[in-house]
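Please look at the sequence and the structure together before reading on.

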Amino acid sequence: MPKPKIAVLPGDGIGPEVTRAAVAVLQRVRPDVECVEAIVGGAAIAKKLPPLPEASRLACDRSDAILFGSVGLPRYDGKPLQERPEYALFLLRRDYELFANIRPVRVFAGLEDASSLKAELVRGLDLVVVRELTGGIYFSEPKERRIVNGIESAVDTMIYRAPEVERIARVAFDLARARRKRLTSVDKQNILETSRLWRRIVNRVATEYPDVELEHVLVDNAAMQLVRRPSSFDVIVTENMFGDILSDEAAILTGSIGTLPSASFGTRATPGGRFGLYEPISGSAPDIAGKGIANPTAAILSVAMLLRYSLGDETNAARIERAVERAYAHGARTAEIATNGSVALSTVAFTDVVTAQLEI
Ligand code: IPM
Ligand code: MN
C-alpha cells in the first residue's frame, strides 16, 4: 500500500498550536504517515492570498485526509463571505462534498463539574450529532441581497433533495447500529416542507434498520431535551443549520468545547476508508492564541477519527482515545478546566501526558 498522506491546515488563532500537538501524537503512533502542511484562512489572507489558496487545495487533492486547525479572526468580521477566513471551510465542504459531519460529545470522567448542568445529568454522557453539511440553507440558491419595491431585503433558500436526506440518514443509522441503537431525527415538520420530506425519507430508510429505535423530535423541543435529559440521546441526525446550532449546545454540556473533535466525510474513497476533513469544533479562540495554553484534546481526538475513518486504523484510533481518557483520569487539566486543586498544564505539557499514556 502507498504511504498515507495527510494535508495539515493549521489556520488561525489557536489552530497552529493545537494542530502541532495533534501531529506530534499522529507521528508517534504512525511515523509512516506523510504530513504536508499548507496555509489556509486568515493566515492566507494576511499574505494576500485567497482563504483557500490553490497550492493548499492541491495538497488536499493529493491526500487521504485533511487535518484542519481552525479559521476565523475578528478583524474580518463584516467582510463578505468570500473574503473571510471561514470561506476556506465553506469551499472544502462544498468542493469535496463532505456531506456527513460527525460530532461526538463525551464527558470524560472527572470533568462532570466543568459542565454548566448538574454533574449527575452529564455523568458518562456519550452522544453523537450527525449533521448534514452540504445542503439546506447554507448552500441553496438564491442567496442574495435584493431591493424589492425600494425596500432593502435579503433571501436565503432551503432546499433538500431526497438522495441528500437518504445518504445522511444511512450514515446515522449505521453509526447508531454500531452504538446503543437509538436514533433521534430532528426536524421542524410542523412548519417546513423540507422537514416533511426529511421525515418521510428517514422513515423509509428506517425500514432497513429494524434493530435501531427511531424517534422524531422537533428542533425546538430537541434544544430543550438536550439540557433536560442529555444522557438519553445516542445518535442525533439533522439538517445543516439545526445541526450547527444543536451541536454547539450539545458540545457545551461537556463544560469545555476544547475537548470535542469532528469528522466530515463525503463519497471519495481512500485505500483505508473515505476522504475526510477532521477538526476541533472549538474554533480559533483568538483571545488565547499564541499563549500556549489551549486545550489540544479536540485536535488529538480529531487525529483518532482521521485514523478510524480515512486510514482504517481502528487500533491506533482507540489507542489515542484511551490515552486521552487516562490523561484526564490522572488529573491532567489545561487552564480552562483546571480547578483549585489542579495545576494548569500548557498545550505541550498536556500533550506530553497523553503521549506518555500511549505506551501503556
Ligand atoms: C461550524 C462553524 C461553521 C458553520 C462556520 C465557521 C461557517 O460554526 O463548523 O459549526 O456554521 O458550519
Ligand atoms: Mn457551528
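## Terms and model

Helices and strands are named here from DSSP runs, a helix being a run of H or I with at least four residues and a strand a run of E with at least two, and they are numbered from the N terminus. The model described below is predicted.

The structure holds one cavity of 30 Å³ or more, and about 40 Å³ of space lies in the largest cavity. Its lining is formed by M158, Y160, V186, D187, T194, S195, W198, E239 and F242.

Two elements, β8 (182–187) and α7 (193–206), each supply at least two residues of this lining, and the largest share, three residues, comes from α7. Sorted by class, the lining of the largest cavity has five nonpolar, two polar and two charged residues.

## The site of ligand 1

Ligand 1 takes up the space of the largest pocket, where the residues around the ligand are E86, R93, R103, R131, Y138 and D244. By class, this shell has one nonpolar, no polar and five charged residues.

Which side chains place a polar atom at 2.9 Å, 2.8 Å or 2.5 Å from an oxygen atom of ligand 1? For R103 the distance from a polar side-chain atom to a ligand oxygen is 2.9 Å, for an N or O atom in the side chain of R131 it is 2.8 Å, and for a polar side-chain atom of Y138 it is 2.5 Å. On its own, ligand 1 has 320 Å² of accessible area, and the protein covers 67% of that area.

Key: Residues numbered from 1 in each chain as written. Chains lettered and ligands numbered in written order. Predicted model: local features only at pLDDT ≥ 70, side-chain atom pairs only at ≥ 80, totals over all residues. Heavy atoms only, no water. 1 Å grid on protein atoms, 1.4 Å probe; cavity = no way out; pocket = protein on both sides within 12 Å on 5 of 7 lines; lining within 4 Å. Points joined across faces, edges and corners; volume = space filled by probe spheres on them. Nonpolar A, V, L, I, M, F, W, Y, C, P; charged D, E, K, R; others polar. Near = heavy atom within 4 Å. Polar contact = N/O pair within 3.5 Å; in protein donor to acceptor, adjacent residues only side chain to side chain. Areas by Shrake-Rupley, 256 points an atom, 1.4 Å probe, with all protein chains shown as cover. Sits in = over half its atoms within 2 Å of the grid points.
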